[in-house]
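Hi,

Here is the model I said I would pass on.

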Amino acid sequence: MSPNIRVLRDIKARHGVNANEIARRAYLYVARNASLPASVRYQAQLQLNTFGRYTRPTTVKNRCAESGKGRGIMSEFALSRFQFRLKARAGELPGVHKASW
């Protein structure tokens with residue numbers, strides 16, 4: 001089964017955020033620092049605007065690695081609730097077994 005386009009987009013966003021995190025934070029700090037001159041803050045804001053779409057941390061969303069769903073994600077396994085249940089019942093998740101008491 002090939003990965004869903006949503007999953008691929010999320011992976012691309014995660015890589016972009018990790019690659020540009022330090023530079024973005026530095027520019028954000030300069031742009032929001034009220035003690036600096038307005039021209040310096042303006043230049044920092046312009047530099048922030050040149051960053052691409054997938055360098056913003058808000059573009060990263062936890063998604064199911066199998067189906068691409070964005071809701072009901074169990075982050076330890078990167079699976080939705082339904083996919084987690086299917087894989088657990090099939091014995092494909094190490095250390096996970098059906099509870100009985």
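Lys87 counts as buried, with a relative accessible area of 18%; the cut-offs are under 20% for buried, over 50% for exposed and partly exposed in between, with a 1.4 Å probe and protein chains only. Before I go on, a word on the basis: this is a predicted model, where local features need pLDDT of at least 70 and side-chain atom pairs count only at pLDDT 80 or more, while totals for chains, interfaces and linings use all residues. Residues are numbered from 1 along each chain as its sequence is written, and side-chain values use heavy atoms, with hydrogens and water left out.

Back to Lys87, then. You will find Lys87 in helix H3; helices (H or I, at least four residues) and strands (E, at least two) are DSSP runs, numbered from the N terminus. Leaving aside residues up to four places away in sequence, Lys87 touches Glu66, Leu79, Glu92 and Leu93, where contact means heavy atoms within 4.5 Å.

Which of these partners form salt bridges with Lys87? Glu66 does, at 3.8 Å from N to O, and Glu92 does too, at 3.1 Å. The rule for a salt bridge is a side-chain nitrogen of Lys or Arg within 4 Å of a carboxyl oxygen of Asp or Glu. Through shared partners, Glu66, Lys87 and Glu92 are joined into one network. Glu66 itself is partly exposed, at 27% relative accessible area.

Buried or partly exposed: which is Arg14, and which is Asp10? Arg14 is partly exposed at 33%, whereas Asp10 is buried at 9%.

Five residues of domain 1 and six residues of domain 2 take part in the contact.

How much area is buried between domain 1 and domain 2? The figure is about 380 Å², and carbon and sulfur atoms give 50% of that. Buried area here is the accessible area (1.4 Å probe) that two parts lose on being put together, summed over both. On the side of domain 1 that touches domain 2, there are two nonpolar residues, one polar and two charged. In that grouping Ala, Val, Leu, Ile, Met, Phe, Trp, Tyr, Cys and Pro are nonpolar, Asp, Glu, Lys and Arg are charged, and the others, Gly among them, are polar.

Zero salt bridges are counted between domain 1 and domain 2. There is one residue pair in polar contact between them, with both residues at pLDDT 80 or more. A polar contact is a pair of N or O atoms within 3.5 Å; within protein, one must be able to donate a hydrogen and the other to accept it, and residues adjacent in sequence count only if both atoms are side-chain atoms.

**A few single residues**

Ser80 is in strand S2 (residues 79-80) and is buried, at 2% relative accessibility. Not counting residues up to four places away in sequence, Ser80 touches Cys64, Ser67, Lys69, Arg71, Gly72 and Ile73.

Ala78 is in the loop between S1 and S2 and is partly exposed at 30%. What is the phi of Ala78? The value is near 55°, which is positive in a residue other than glycine. Most residues other than glycine have a negative phi.

Lastly, Gln47 is in helix H2 and is partly exposed, at 34%. The C-alpha atoms of Gln47 and Tyr27 are separated by 7.2 Å, and the two residues are 20 residues apart along the chain.

Cheers
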